[in-house]
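Colleague: I would like a close look at one part of this model, and then at what surrounds it. Please take it step by step.

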Amino acid sequence: MSVDLSQFHQVFFEESHEGLDIMESALLNIDVSNIDSETINEIFRAAHSIKGGSGTFGFNEIADFTHVVETLLDLIRSDQFVMQPDNVDLFLKSVDCIRTMINELEGGSTCDTEQANVLKQQFEVLLDGGFSGEPEQSDASETKVSAKDETGGNGWQIYFKPDIDILRTGNEPLRMFRELAELGELSVSAVTDEIPALGELDPEACYTAWNLTLWGDADESQVKEIFEWVVDESELTITPLSLGADRHAQTESPQEVSLEEPQVQDLTSNAAPQNLVSQNLVSKNVVPQAPKPERPKAEKKAGDAKKESKPESVSIRVGTDKIDNLINMVGELVITQSMLGEIGSDFTVENLPKLMAGLEQLSQHTRELQESVMSIRMLPISFAFSRFPRLVHDMSQNLSKKVELILQGENTELDKTVMERISDPLVHLVRNSLDHGIESPEQRLAAGKDEMGQITLSAFHQGGNIVIQIIDDGAGLNKDRILTKAIEKGLVSDSDHLSDEQIYDLIFRAGFSTAEAVTDISGRGVGMDVVRRNIQELSGSVEVESTPGSGSVFTIRLPLTLAILDGQLIRVGQNVYILPLISIIESIQSYDQAIHRVSGGCDILRLRDEYVPIVRLWEIFNVKPDSKKVEDGLLVVVECENIKVAILIDDLQAQQQVVIKSLNDNYTTVEGLSGATILGDGTVSLILDIGGLIKLAGVSKEQYKKVEHTDDSEAA
Amino acid sequence: MTTILAVDDSASMRQMVTFTLKGAGYDVIEASDGQDALDKAKVSAVDLVLSDINMPIMDGIELVKNLRVIPDYKFTPILMLTTESASDKKMAGKNAGATGWLVKPFNPDQLLATIKKVLG
Amino acid sequence: MNTEEDGAIDPLNASIAEIKSGEASEQYLTFFMGKEEFGVDILSVQEIRGWEPVTPIPNSPEHVLGVMNLRGTVAPIIDLRMSFGIEERRYTEKTVVIVLTIPTEKKSKIIGVVVDAVSDVCSFTKSEIQPSPELTQTDQAQYVKGLGSTEDKMVILLQLTECLMAAPKGRDKQRQLKAG
């Protein structure tokens, strides 16, 4: 029977990735001076599983390499090797290497063993010289004995006295004899001298020995193999039958069996204790090459990045509680539906209230069902955050900086696809903070700061969005340098008056970089604008705030789901747009409001204790409104990223839930729009993006003010 | 129907073993660690146990010890899955009362041949 | 939807579907813009629709008329006549929208192009297609695959890309951002 093993590959890949994550996480937290036994065992088991699986499924390159890693781990956990701090890095690199190889296999290509061989040599050095105890003896092989033993001419004479407890190990002499019988002609006679009297007999013990004669041309190794499991605790003597002897000449009297020279052949080799561990490791096929010079980091990182980028996974793990919830809801839906069916089948006007109630229930259930299904795609952001401890650890070492990473809000949930696509932008922002934000330990001390810098990754829900912040306590953005560079690159002219926040925002423009020496990490300047674009494609936004000397905060806002929105339909002239309901504070008639005209800028609405800039939608969209005058229209006050604006429209229409269709799919991103939807009448309506509208209108944060001077972060 | 208890913390190994054994007509119960296996063995009648050694919560050696004190499992064949370089594990397994071992990596045919050998 | 044009469009849609279900071949859907006849690979044609009002996109290039609901997908509608510099553009009962799949780096995009009228489905063998010299100097040259000529007609064969949707140089009607 041949089993197709490839059907198990995917599971193996997944569990290996999990195992590698466990290894990595444990390694990052390990205290070399005081190794916790459970931790080291966990790391060992993970490596062991990967080795076992890769061997079983034929991924020999991985098996070979992991074997070395596992060997050292085994020595460490059995206290035969004292782990040093820089071993941790070697193990971490091995994790990376194995990960890369698995990714290569998953992607359908072959494993590149170059890195593995380099690391293998480092392990071999440690294993050869470093440990304090005797290496474990390794049997050269189990099922087959390598040395060719004597072949008996006619067969074998076997004396077998099993251990008294043989039956208690589930071994059964009869079974072994049956196997022997398959190798040739067998005759068996029992040696019963040691069987005690019935009264003293333990039925579970084995007191019998046997003499067996096997005729035929079986190899000695075949015979030995049959007794392999019990040979250590038994007496086993195998002698070749003398040539010419035939079965008739054999005496079968137990007493007459005499052993010639005891040719006790043990399976465990007692040859000079070989350093079998290192022997295994000196690869049979690979000629140890001279350690290659470290490839230039940039190249290596690029290569790593390419190999490491996994295809977006096409499966998702869902807690059974979410599924059960879903099932319950569908059940309720079915009940409501049949109830409505009943009302409908025999409808009279008197049933109208019942019908309305039923429809209301239907609407409720549909909403709940929808939320429930959405939540299936929601995963905690810890999945995205999980790569950062390692990243920060490695990078801070590379840059010789001391950085502590703090993760907050790891349980905050977001859509799986959004999370997958936010991962790279997050990496870039964290790298940026590490590279340009956090100062070197000397600089920090000189500035009166703690030597250890801090980067915080924080996630929380706000309104209908998820907010992710990358906060560092570094040097902050250098306003002057940014402005100078921007003028140099022609992004702005030096006569432009830019607010601080507008200057900081320049870093998101294409072609911008202020890094003096372009490091491979984040200096290239193509990064930030790509980061922003990626986030915008997710219908999100990214902003930066900074205080020179104290640090910077990058704030990413993303919708919780990409699919559905509660919308407010609004009309300007012939055009109907949709505003996200969640962003609307209130709407007011303009004519009785206090409106201040500001020369050269926006009109401002005085609304109780706030000054709210007015955005004329018809103007920024270039469409014909019913009336251009502010007093004639409606003002919808909306909030976005802590500032408020009032949008001038002609009319408010209905509120409805809309399915968000991307404009990006077939067209491109449009500033001021976050997508489109198809209304009930089949026409397309555009969904407004308030942040974009604010930009188009040229409103700056400073134009929104409160009359009293209160803390800026307080929401109105 | 001959029932085999397959114990391994690696899902891919369990799947491979289960698929192979079921294909050969055996009934298979899966467990992901020693404790899980012990619980299942107490509830169902198992004719042979196949177990990995390195597992969380309860490892293979402990599992063997715990099984052997259960009257029903005094003589049940128990095979350990070991890797070649772990002769101490084999000894530990034997001392705990295991019947024998299978060396990893093994292929499905080797698995079936060994099991057939043991079950007769 | 105008029932009069349905009569012409449905059979065309049917034959497109039929052709696509068969073997790949060098067949083109031809259409008129101004006085010229153009053609696109039949395999890129999803369907033909009558002209319907679109939802305009703010601050988009002139030739991007807006977006339309194409079977549940929001797709941009481009006036191809404008892209090809054809001055006279009318919207009559004959005006149609050809829905095309455009290849891109990632997934392909669906767009609709407005043309004066559809003509026919023709085949051209490779020998019947020549490169067209005069057009190689213009903006539109990037879209011209060649000239297909038979005895009775000459068709400008096009391969459209997503560049079609970008603002043409020198005709930027986009609004400048106000400085704050």
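In which kind of crossing, left-handed or right-handed, does helix 1 of chain B pass helix 5 of chain B?

Modeller: The model is predicted. In it, helix 1 of chain B passes helix 5 of chain B in a right-handed crossing. Helix 1 of chain B covers residues 11–23 and helix 5 of chain B covers residues 108–119; their axes come within 10 Å and cross at roughly 60 degrees. The two helices are therefore oblique to each other.

The residues that meet can be listed for each side. Helix 1 of chain B brings B:Met16, B:Val17, B:Thr20 and B:Leu21, and helix 5 of chain B brings B:Pro108, B:Leu111, B:Leu112 and B:Ile115. Sorted by class, this contact has seven nonpolar residues, one polar residue and no charged residues.

B:Pro105 sits in the loop between strand 5 (100–104) and helix 5 of chain B, and the peptide bond leading from B:Lys104 to B:Pro105 is cis, with omega near -5 degrees. Most peptide bonds are trans, and most residues other than glycine have a negative phi.

B:Lys117 forms a salt bridge with A:Glu179 through their side chains, at 3.7 Å from N to O. Across the interface of chain A and chain B there are three salt bridges. That interface puts 40 residues of chain A in contact with 46 residues of chain B. Together the two chains bury about 3,600 Å², with 56% of this area on carbon and sulfur atoms.

Chain A also meets chain C. Here the contact takes 25 residues from chain A and 26 residues from chain C, and the buried area is about 2,200 Å², 54% of it on carbon and sulfur atoms. On the chain A side, A:Asn666, A:Tyr667 and A:Val684 supply 34% of the area buried against chain C, more than any other three residues. Between chain A and chain C the count of salt bridges is zero.

Over all chains, the whole structure has 45 salt bridges. One salt bridge joins the side chains of A:Arg168 and A:Glu204, at 3.5 Å from N to O. A:Arg168 is in the loop between strand 1 (155–161) and helix 6 (173–181) of chain A, and A:Glu204 is in the loop between strand 2 (185–191) and strand 3 (209–215) of chain A, so the pair ties together parts 36 residues apart in sequence.

Another helix pair, in chain A, can be set beside the pair you asked about. The axes of helix 14 (residues 416–437) and helix 18 (residues 527–537) of chain A come within 9 Å and cross at roughly 150 degrees, which makes helix 14 of chain A roughly antiparallel to helix 18 of chain A. Their crossing is left-handed. Residues that meet include A:Ile422, A:Pro425 and A:Leu429 from helix 14 of chain A, and A:Met528, A:Val531 and A:Ile535 from helix 18 of chain A. By class, the contact of these two helices has six nonpolar, four polar and two charged residues.

Technical notes. Residues numbered from 1 in each chain as written. Chains lettered and ligands numbered in written order. Predicted model: local features only at pLDDT ≥ 70, side-chain atom pairs only at ≥ 80, totals over all residues. Heavy atoms only, no water. Axes fitted to C-alpha atoms, helices over the stretch in contact; angles between N-to-C directions. Helix = DSSP H or I, 4+ residues; strand = E, 2+ residues; numbered from the N terminus. Parallel < 35°, antiparallel > 145°, perpendicular 65-115°, else oblique. Left-handed = near helix turned anticlockwise from the far one by under 90°. Contact = heavy atoms within 4.5 Å. Nonpolar A, V, L, I, M, F, W, Y, C, P; charged D, E, K, R; others polar. Buried area = accessible area lost by both parts, 1.4 Å probe. Salt bridge = Lys/Arg side-chain N within 4 Å of Asp/Glu carboxyl O.
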